[in-house]
Amino acid sequence: MLKKENILLVDDDIDILELLQRHLKSMDYHTYKAVSVKEALYILKDTEIDLLVTDINMPEIDGLQLVKYVAEHYPNMPKLVVTGFPSVEDASNVIKHGATDYLTKPFTKSELELAVKKALTSKEAKDSYKTPPVKPIATNGYADMIGNSEAFQKVTEIIDRVKDNRATVLVRGESGTGKELVARAIHYSGKFARAPFIAVNCGAIPENLLEAELFGYTKGAFTGANENRDGFFQAAHKGTIFLDEIGNATLPVQNRLLRVLQEKEVTKIGSQKPEKLDVRVIAATNSDLNELIQKKTFREDLFYRLSVVTVEVPPLRERTSDVPLLVDKFMQKYGIEYKDRFVRIDDDALAVLERYTWPGNIRELENVVQRAVIMCDGKITLEHLPDELKYKIDFPKKGFKTLQEKEKEYIQEVLLSTQGNKTKAAEILGINRKTLREKLK
């Protein structure tokens, strides 16, 4: 399970940022990523951070200024500095402003772990600058989601950490795993629950309309623009915008989205005047964004802006212990809807549902239960489940023989019919005895 500490990583070198996150994730720490000091300040503003890990040499505003800022605004927060260009002056400056350690790139995983533990130990020795969060009481559900598996609890732990801040979140998972439910849980279980939640399916809006729908437009901006109109981003002001299937967004849309995330403002199509926005962005995808980056169809810098915090939603096959809970939830839902009463399920039928691998994930399970509720008379049995879920016999595939093997097989059949008389068999086959003898070798 994740440890209680939140660690903020700040570095303009994407490779180092990824390396740090990978190492710390393997140590079970939860991380937030920022590629600039400006982005780090947004995260610090409303997120409980236990340790700052920052580079020194960064464009525009360097890490030393961030160390000084944190030293005064968050005096009890430990600071760990990493740099590829060590100097005595930098070292003395960061130590003077309270850095607990100074790591020089490249460093080993064990060196990083030792430095992080040392920094966090120094924090424990001081009065905490924040009240420790109350551990939520374990239940089978979270918002509209349900589960009790370790994989499910890892997701809800991250939701607990991000629900009350505006950190940008990327939700990744296969189709049907419930990525939108995760986004809604983040929004509606946090302190911004009364603000708007706007869900946008980037794959469902025609490519030529997506930009206008997201950012709005002014009258006359294009043919058919008969009035000024706000986009989804303006509608989500003070709340959350959920961008589903973000991998389908065109490059022009990605360019505009990058500006929104960097500058916290949006410009309508046809306008020159930017509008300030206070909005949390949650994006989701079932695509491999790294593969799209390689194909040059998705911007790498946008990917890192979107993935300040990443939530990996596990497929149902990795949380099979949650299947009975989900089945019960769907039986209640559709039992009341279709039968006006609760529906039960036979143990044998439930065993089949637990055994199946669910390539379509929770959405497929819900469809199966929904159909079974409609077809049954109060109790779901094996006969109400689709055949493809039930046990199959894998018959061995029939192999093909060579022409020579088939020829020899036929000769043996002819010989059998002539009681082994080779002269007669040769006559039937239309060959002489010598040829027959050669073919039998």
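Modeller: One term before we start: a residue counts as buried when its relative accessible area is under 20%. Also, this is a predicted model.
Colleague: Fine. How many residues of strand 4 are buried?
Modeller: Five of its five residues are buried, so by that cut-off strand 4, residues 79–83, is mostly covered.
Colleague: Which of its residues point which way?
Modeller: Lys79, Val81 and Thr83 point to one side of strand 4, while Leu80 and Val82 point to the other. Residues on both sides are buried.
Colleague: And strand 3, does it run parallel or antiparallel to strand 4?
Modeller: Parallel, with four bridges joining strand 3 (residues 51–55) to strand 4. Within that pairing, aspartate 55 is opposite valine 82. Between the two strands the chain passes through helix 3 (residues 63–73), and this β-α-β crossover is right-handed.
Colleague: What is the bridge partner of valine 82 in strand 5?
Modeller: That is leucine 103. Strand 5, residues 99–104, pairs with strand 4 in the parallel sense over five bridges.
Colleague: Changing topic: how many cavities of 30 Å³ or more are there?
Modeller: One, from a search of the whole structure. The largest cavity holds about 70 Å³ of space.
Colleague: Which elements give two or more residues to its lining?
Modeller: Helix 10 (251–263) and strand 13 (280–285) do. Among the lining residues are Arg166, Val260, Leu261, Arg280 and Val281.
Colleague: What is the lining made of, by residue type?
Modeller: Five nonpolar residues, one polar and four charged.

Key:
Residues are numbered from 1 along each chain as its sequence is written. This is a predicted model: local features need pLDDT of at least 70, side-chain atom pairs count only at pLDDT 80 or more; totals for chains, interfaces and linings use all residues. Side-chain values use heavy atoms; hydrogens and water are left out. On a 1 Å grid over the protein atoms alone, a cavity is a set of points where a 1.4 Å probe fits but cannot get out, and a pocket is an open set with protein on both sides within 12 Å along at least five of seven lines; lining residues have an atom within 4 Å of a point. Grid points are joined across faces, edges and corners, and a volume is the space filled by probe spheres set on the points. Ala, Val, Leu, Ile, Met, Phe, Trp, Tyr, Cys and Pro count as nonpolar, Asp, Glu, Lys and Arg as charged, and the others, Gly among them, as polar. Buried means under 20% relative accessible area, exposed over 50%, partly exposed in between (1.4 Å probe, protein chains only). Two strands pair if DSSP finds at least two bridges between them. A crossover is right-handed if, with the strands pointing away from the viewer, the path from the first strand over the helix to the second runs clockwise.
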